[in-house]
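Thanks for coming, everyone. Please have a look at the model on the screen, and then we'll walk through it.

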Amino acid sequence: GVLGEVADGITVQAPDGRLVYANDAAAFALGYDSPEALLAVSPQDLVGAFELFDEQRRPLPLEELPGRLALSGAVSPERLVFYRVRAAGEERWSRVRALAHVAADGSVEAAVSVFQDVSDRHRQEETVQFVSGASMLLSSSLDIETVLASVARLAVPRIADWCIVYMREDDGTIRRLAIEHAGGDAQAVGEVLDRYPLDVEAEVGVPLVVRTGQTLLLADVSAEGLMADVIDPEGLAAELKHIELASYLCVPLIARGRTLGAISLLSSESGR
């Protein structure tokens, strides 16, 4: 029907939490091949398939979703919802609104939810915010190491799941200055990285970027391939075998014609 072809996702939810209708856009946005596949999932399994967050990326209780509020009879304001598909690690942003379908006796028979996928637009906004914030930091009077550590914190999770900042020392070695991770594993992984110094002559990764001053972008990268820039790549890969990476961007830090180091931005669990 017409509803099946509209661009916005539409679902109808019964009072017990079951979805009784979904259009194509809703199914695809939630990671299912068809509305039939989505409707076949139990309410418990459907809830367990996602991690939900509010606009500030704080955990969002299920009861605060517009559809659940509508089912309870409460006023359901439109809200921006950030969610992660657990199975694929994919992250999406949706603007969600819901209306209650009320029976003649005043009871709520169903909630109709409409959600618009705004992932691309929101990521563009986050990128602009990152560039603006980073520009302000880099033009500040703080020392360069403090600034770069702040830039790493600014990058995660706005534009990357991992951000690692490296500085080139006077003796030619490359030191890790800062590491940030959206999942909270930065300290543990940083301690592992400290045991595996970079091979400054490596033809991959950070040493290559620092040596050439050229940006390196790998749209599809394995953890093993990325770890080839240390002196003992096999040992590092064994210790960090739990980390799965999707893409990698390494940018040189250049001032007055001299490469000071590099910033690595990595995508992993978000699937970006």
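I'll take the sheet, then its aromatic rings, then one arginine, and end with a helix.

Keep in mind that this is a predicted model.

In what order do the six strands of the open sheet come? The order is 2-1-6-5-4-3, and the pairing is antiparallel. Now look at the edges. Strand 2, residues 19-22, and strand 3, residues 50-53, each have a single partner strand, so one side of each has no neighbour in the sheet. On average, neighbouring strands here are turned by 30 degrees against each other, direction ignored.

Strand 4 and strand 5, residues 91-102, are joined by six bridges and run antiparallel. Across from L80 you find R95 in strand 5. Then there is helix 6, residues 119-138. Helix 6 lies across strand 4, strand 5 and strand 6, at about 130 degrees to strand 5.

Now the rings. How many aromatic pairs does a search of the whole structure find? Three. Take F50 and Y83. Their rings sit edge-to-face, 5.8 Å centre to centre, with 80 degrees between the planes. F50 is in strand 3 and Y83 in strand 4, so this pair ties together parts 33 residues apart in sequence. Are these two buried or exposed? F50 has 10% relative accessibility, so it counts as buried. Y83 has a relative accessible area of 5%, and is buried too.

Next, F53 and F82. This pair is tilted, with 5.4 Å between centres and 40 degrees between planes. F53 in strand 3 and F82 in strand 4 are 29 residues apart, so the pair links distant parts of the chain. F53 is buried at 12%, and F82 is buried at 2%. Ring pairs also bring in W93: F53, F82 and W93 form a cluster.

What does the R84 side chain contact? It makes a polar contact with the side chain of E91, at 2.7 Å.

Last stop, helix 9, residues 205-212. Its buried residues are G205, V206, P207, V209 and V210. They pack against strands 7, 8, 9, 10 and 11. Just after helix 9 comes G213, with a positive phi of about 70 degrees.

That's the tour. Over to you.

Technical notes:
Residues are numbered from 1 along each chain as its sequence is written. Side-chain values use heavy atoms; hydrogens and water are left out. A polar contact is a pair of N or O atoms within 3.5 Å; within protein, one must be able to donate a hydrogen and the other to accept it, and residues adjacent in sequence count only if both atoms are side-chain atoms. Two strands pair if DSSP finds at least two bridges between them. Helices (H or I, at least four residues) and strands (E, at least two) are DSSP runs, numbered from the N terminus. Axes are lines fitted to C-alpha atoms, for helices over the stretch in contact, and angles run from 0 to 180 degrees between N-to-C directions. Contact means heavy atoms within 4.5 Å. Buried means under 20% relative accessible area, exposed over 50%, partly exposed in between (1.4 Å probe, protein chains only). Rings of Phe, Tyr and Trp (its six-membered ring) pair if their centres lie within 6.5 Å; planes under 30 degrees apart count as stacked, over 60 as edge-to-face and the rest as tilted.
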